[in-house]
Amino acid sequence: MTKLYSLLAMAIILCLAIFASCNSNNKEQNAKKVVLDTVSLSSKSFALAYQDGQKIVATSIDTMKQISFGGATDPSISPDGNKLAYTVTDSAGERSIWIADLENKSQLQVHADSKNYYGAVWSADGVHIAFSVLNEKNIWKIGLVKNDNTGFIMLDGHSETYVNSPTWKSKNEIVAHDLNNLYTFNLNGEIINTTPLKNLIGAAYHIAGDNIFFYANQGKTIIFSAYFGPGVPELHGKANAVFAMDLLSKDVQRISPNGMNVSNLFVTADDRIFFSGAEKPFTESKIYFSDLNGHTKTIVDKGTNPTGALK
């Protein structure tokens with residue numbers, strides 16, 4: 001981890017290339033491939049991807065190099081560090097997910113039966129991605145597709161339940177919430193467990209659509225974000241923070257520092273916690289790393305929306 005910290009903390013020279021969004025009135029060209037013009041990244045493994053303003057940056061583990069590209073949001077790096085899923089928004093405001101292969105420069109649009117889907121999250125084995133998708137009734141659901149762009153399904157697709165912020169509980173289970181309940185889905189799209197959030201984390205933690213839940217420590221711990229504590233005048237409400245809860249004892253540990261407002265949270269399948277947050281005056285976010293014991297370290301001085309690959 002020392003090597004990873006030092007590499008990620010450095011101000012690394014941008015030396016590869018820029019992705020640029022295609023401009024066209026045709027949606028197929030608008031919500032679109034971004035042009036990758038870079039040397040081969042064969043045998044390079046990327047450790048971290050994050051957002052810096054209107055561009056995405058991916059940083060390698062074994063070199064001091066980055067790639068970056070604009071016109072995309074919601075970076076999601078694959079567990080092996082070789083692929084990057086991202087969201088592109090077209091001129092009509094419709095979103096779609098694309099996957100770039102960082103080694104051979106190929107790109108593909110994820111097939112989903114919707115005009116609005118975003119926020120890909122990889123399974124730990126890299127076989128599937130889950131994401132938020134709007135169905136024909138304008139209800140937010142969870143989409144699931146294989147990494148070869150086949151087998152798309154919409155989880156619990158015909159119910160009236162809105163769900164937010166999918167993550168992977170295991171390689172065969174996905175969790176998402178509706179502000180009141182945490183649902184567990186299997187790969188067939190069925191709800192196999194429903195847990196009221198007030199029973200899980202208590203009433204002191206306030207949940208919004210962008211709050212997120214990760215299982216860690218072999219399913220014994222939940223890492224989650226929530227709005228907590230007194231109101232902050234500059235934020236016109238409570239600050240968002242990261243917490244870890246032991247599911248057996250119900251003990252809760254705060255992971256993000258006091259005084260910080262967290263914007264994004266991601267936990268790898270090997271229990272490394274990444275989050276972005278800003279301190280007063282809450283104008284610029286940094287990216288932080290923490291272990292399950294709350295030992296927190298700054299790794300990027302400017303950025304949001306971090307996502308990490310496996311070690």
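Modeller: Gladly! Bear in mind that this is a predicted model. Let's start with an open sheet of four strands, ordered 5-6-7-8 and paired in the antiparallel sense.

Biologist: What makes strand 5 and strand 8 the edge strands?

Modeller: Strand 5 (73–77) and strand 8 (107–109) each pair on one side only. On average, neighbouring strands of this sheet are turned by 20 degrees against each other, ignoring direction.

Biologist: How do you know that strand 5 and strand 6 pair?

Modeller: Pairing takes at least two bridges. Strand 5 and strand 6 (residues 83–89) have three bridges, in the antiparallel sense, so they count as paired. T73, for example, stands opposite T87 in strand 6.

Biologist: Now to strand 15. Why is N181 called buried?

Modeller: N181 sits in strand 15 (residues 181–186). Its relative accessible area is 18%, and buried means under 20%, so N181 qualifies. Beyond its neighbours within four places in sequence, N181 is in contact with A176, T194, T195, P196 and L197.

Biologist: What makes the link between the side chains of N181 and Y183 a polar contact?

Modeller: The distance is 3.5 Å, and the cut-off is within 3.5 Å, so the pair is counted.

Biologist: And why is N186 called buried?

Modeller: N186, also placed in strand 15, has a relative accessible area of 15%; that is under the 20% limit, so N186 is buried. Its contacts, leaving aside neighbours within four places in sequence, are L155, N172 and I192. A polar atom of the N186 side chain lies 3.0 Å from the backbone nitrogen of N188.

Note on methods: Residues numbered from 1 in each chain as written. Predicted model: local features only at pLDDT ≥ 70, side-chain atom pairs only at ≥ 80, totals over all residues. Heavy atoms only, no water. Helix = DSSP H or I, 4+ residues; strand = E, 2+ residues; numbered from the N terminus. Buried < 20%, exposed > 50% of the residue type's maximum accessible area, 1.4 Å probe, protein only. Polar contact = N/O pair within 3.5 Å; in protein donor to acceptor, adjacent residues only side chain to side chain. Contact = heavy atoms within 4.5 Å. Axes fitted to C-alpha atoms, helices over the stretch in contact; angles between N-to-C directions.
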